[in-house]
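Try each task before reading its solution.

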Amino acid sequence: MKKLENIDFLIFDLGNVIIDIDYSFSINELKKILPEAKHSLTDRFFPSTFHKDYEKGLISSAQFRDEVRNLYQEEWTDAQIDHVWNSLLKDIPLERIELLKKLRMNFGTAVLSNTNEIHIEKFDELLVDQTGEKSIYDLCDRIFLSHQMGLAKPDEAIYKAVLNEIQIDPERVLFFDDLNANLEGAKRVGLQTYHITHERALIQFFENVY
């Protein structure tokens, strides 16, 4: 087996690295509860300023839901909004969870994700249902979530904050993410990076690594 040279710590994004996500599915769910005359507004859902504020923890879940209602001028229930918002969260393949367990025996590990309170609650539900694991906090040594840190990728500040916490030289840290912008941000502070480009990329990367 090939040894992963000069790496002591592994950091994983959540979306499309640990859990599969599908933004288009959420948009289709949004269209189901949105009058057809407003369907042209669906492209504002994810790029909205309040989405960015929410993932940095600058607004609460209640404020986020109110912003969604205000954007579409619809009196949706919390449950309706949460369903649409969470519907992008799909499968958590058990083989990825088993891989994380194995890697913890040889490396320090962490999750670093741009996320939010509503998504993490749903992630934990899916984790229990699909893998039997109880919580995101059981997956790695450290869990870094944007809404708890007040920071978000790809800003250099979030990577510096993680490095300050783990106290590992950046060149000995390998970061996995599916978005090039996030990888570029990590490179700027000296992290090693690997681009996840398909659903089996993480598994295949470690197939011949001890």
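**Exercise 1.** Does R96 count as buried or exposed, and at what relative accessibility?

Before the solution, a word on the model: it is predicted, so local features need pLDDT of at least 70 and side-chain atom pairs count only at pLDDT 80 or more, while totals for chains, interfaces and linings use all residues. Residues are numbered from 1 along each chain as its sequence is written, and side-chain values use heavy atoms, with hydrogens and water left out.

*Solution.* 
- Step 1: R96 counts as buried because its relative accessibility is 3% (buried is under 20% relative accessible area, exposed over 50%, partly exposed in between, with a 1.4 Å probe and protein chains only).
- Step 2: list its contacts (heavy atoms within 4.5 Å). Leaving out residues up to four places away in sequence, R96 touches V17, I18, I19, D20, D91, E199 and I203.
- Step 3: look at E199 again, whose backbone oxygen is 2.8 Å from a polar atom of the R96 side chain.

**Exercise 2.** Which residues of helix α9 are buried, and what covers them?

*Solution.* 
- Step 1: in α9 (residues 180-188), the buried residues are N182, L183, G185 and A186.
- Step 2: they line one face of the helix, because down the axis of α9 they fall within an arc of 160° (the arc of the directions from the helix axis to the C-beta atoms).
- Step 3: their cover includes α8 (156-166), β4 (173-177) and β5 (192-195).
- Step 4: after α9 comes G190, with a positive phi near 100°.

**Exercise 3.** Is K32 buried or exposed, and how far apart are the C-alpha atoms of K32 and V84?

*Solution.* 
- Step 1: K32 belongs to helix α1.
- Step 2: its relative accessible area is 64%, so K32 is exposed.
- Step 3: the C-alpha atoms of K32 and V84 are 9.4 Å apart, although 52 residues separate them along the chain.
- Step 4: V84 is one of the buried residues of α4 (residues 78-86), and the cover of these residues includes α1 (23-33).

Terms used: Helices (H or I, at least four residues) and strands (E, at least two) are DSSP runs, numbered from the N terminus. A polar contact is a pair of N or O atoms within 3.5 Å; within protein, one must be able to donate a hydrogen and the other to accept it, and residues adjacent in sequence count only if both atoms are side-chain atoms.
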